[in-house]
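Keep the structure open while reading.

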Amino acid sequence: MNNEFDWIQSVSPKKLHQPSVKVGIGDDAAIYSVHSEFDQVVAVDTMVEGIHFTRKTMPIKSIGYKALAVNLSDLAAMGAIPLYYLVSVAVPKQGWTQEELSKMYEGMDQLACKWQVDLIGGDTVSIRDTLVLTVTVIGKVKRDRHLLRSQAEEGDVLFVTGEVGLSAYALEHLLNDESPRVDQSSFARFLKAHQEPEPQLEAGQLLAKGDGRVSLNDVSDGLAHEAKEIAEASGVNIVIDWDSLLIPQEFNTHPIEKQEDWMLYGGEDFQLVGTVSAHYWNELVLRFKEHHLLLHKIGRVEKGEGTVFMKRHGTRSIIEKSGYHHF
Ligand SMILES: Nc1ncnc2c1ncn2[C@@H]1O[C@H](COP(=O)(O)OP(=O)(O)OP(=O)(O)O)[C@@H](O)[C@H]1O
Ligand SMILES: Cc1ncc(C[n+]2csc(CCOP(=O)(O)O)c2C)c(N)n1
Ligand SMILES: [Mg+2]
Ligand SMILES: [Mg+2]
Ligand SMILES: [Mg+2]
């Protein structure tokens, strides 16, 4: 690899999307101007080789794409509009070429162009064994229009913005070397969900625009875990209605326990899960239809203190806050 400074030069954007950037890459820090009618929104998430990806589970370009996507997903979950991002990369001294790192940045750039977000800084260091990629995103939300996990109330509708379980299904096949055994044309959308998930920014912004009260979270650790976070933050119980979940046809030939593993506990779906009051629901569904976006009812909110239930064929069971845990 050339020296670190040439490398930084090579990943510096030639052109920026946001006119608010006053100083981007190249000085000690970035500067951007702000508008007072908006609040600033910031999030950071890290991807670690061996934990979030391996060379077997992810093409290199997708590692970059996903690292930015998971962060944009957190902004989506706040109802925010993304503006800028910073990238910190720790590169092992062996095993990664500059071409590969450039590919990783290409993945980020592809998604950044789609959402008009600008790379305004970062950090480059070496590490012993595995690559670590940390992305920080900065966005904005109209003052007092942000969406929180703590706004659910008894009687609300529980919704998701798309299918869940696709990412975990793909990952299981990738880890078990089974992807050649599944039908490749139908496997493609599962692979896409795992490798290059689409952050639901439009859905998040649409939910923030309306007048109704909304609670919202993004599905990184699994539907069960995220629903539990909403239930606990809001001080309510949540019932997930298994029979109303969108179950991919490919799951039908697998035992129900496997389906539950993928759909409730698998994680990394990066759909949004949330609640709205029942009388606002129909209007919201219409608005989503107008924007060609999916909003799917999967349960309801009840009085309680943070318990999540799953109801299947009329029988309820308590769902634990399990999903992917680092500790
Ligand atoms: N090491 C840390 N130091 C300080 N704050 C942290 C740390 N880790 C997480 N947080 C904060 O805790 C809150 C929850 O973080 P968490 O990472 O669980 O959410 P998330 O990003 O939505 O989930 P995921 O990481 O699974 O995508 C956030 O406000 C986050 O900024
Ligand atoms: C090789 C490989 N093994 C396992 C997984 C699964 N996985 C890792 S982290 C995580 C939760 C989200 O992470 P975080 O909580 O850090 O946002 C999940 C579901 C994977 N993606 N790749
Ligand atoms: Mg996080
Ligand atoms: Mg989140
Ligand atoms: Mg996150």
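A residue is counted here as near a molecule if its C-beta atom, placed from the backbone, lies within 6 Å of it. The model is predicted. By that cut-off, the residues that surround ligand 1 are Asp45, Val70, Asp74, Ser220 and Asp221. Sorted by class, this shell holds three charged residues, one polar and one nonpolar.

Now consider the domains themselves. The domain assignment divides the protein chain into domain 1 (4-142) and domain 2 (149-319). Their C-alpha centres are 26 Å apart. Contact between the two involves 21 residues of domain 1 and 21 residues of domain 2. On the side of domain 1 that touches domain 2, α2 and β4 each supply at least two residues. The most comes from α2, which gives ten residues to that side. By class, the residues on this side of domain 1 are 14 nonpolar, four polar and three charged.

Phenylalanine 53 sits in the loop between β3 (38-48) and α2. Is phenylalanine 53 buried or exposed? A residue counts as buried if 20 or more other C-beta atoms lie within 10 Å of its own. Phenylalanine 53 has 24 other C-beta atoms within 10 Å, and is therefore buried. Leaving aside residues up to four places away in sequence, phenylalanine 53 touches Met47, Met58 and Ile63. Lysine 209 is 156 residues from phenylalanine 53 along the chain, and 35 Å separates their C-alpha atoms.

Next comes the sheet. Strands of a sheet pair through backbone hydrogen bonds, in either the parallel or the antiparallel sense. Here, seven strands form an open sheet with mixed pairing, in the order β8-β10-β7-β11-β9-β12-β13. The edges are taken by β8 (214-218) and β13 (315-319); each has a single partner strand, so one side of each is left without a neighbour in the sheet. From one strand to the next, the twist averages 25°.

Take β10 as a point of reference within this sheet. Strand β8 runs antiparallel to β10, and five bridges join the two. In this pairing, serine 215 stands opposite threonine 275 in β10. Strand β7 (residues 157-160) is also antiparallel to β10, joined by four bridges. Valine 157 has valine 276 of β10 as its bridge partner. An example of the parallel sense is the pairing of β9 (residues 236-241) with β12 (residues 308-312), over four bridges. There, isoleucine 240 has methionine 310 in β12 as its bridge partner.

How many of the five residues of β10 are buried? The count is five of five. Both faces of the strand are covered, with Leu272, Gly274 and Val276 buried on one side and Val273 and Thr275 buried on the other.

Helix α6 (residues 201-209) packs against this part of the structure. Its buried residues are Leu201, Ala203, Gly204, Gln205, Leu206 and Leu207. The elements they pack against include β8, β10 (272-276) and α9 (278-290). Also among them are α2 (60-76), β4 (81-92) and α3 (98-115).

Aspartate 144 lies in the loop between β6 (132-142) and β7. Its phi is near 65°, a positive value in a residue other than glycine. Aspartate 144 has 6 other C-beta atoms within 10 Å and is exposed. Histidine 313, in the loop between β12 and β13, also has a positive phi, of about 45°, although it is not a glycine. Histidine 313 counts as exposed because it has 6 C-beta neighbours inside 10 Å.

How values were computed: Residues numbered from 1 in each chain as written. Chains lettered and ligands numbered in written order. Predicted model: local features only at pLDDT ≥ 70, side-chain atom pairs only at ≥ 80, totals over all residues. Nonpolar A, V, L, I, M, F, W, Y, C, P; charged D, E, K, R; others polar. Pairing = 2+ DSSP bridges. Axes fitted to C-alpha atoms, helices over the stretch in contact; angles between N-to-C directions. Buried ≥ 20, exposed ≤ 12 C-beta atoms within 10 Å, placed from the backbone. Contact = placed C-beta atoms within 7 Å. Domains from an automatic or database assignment.
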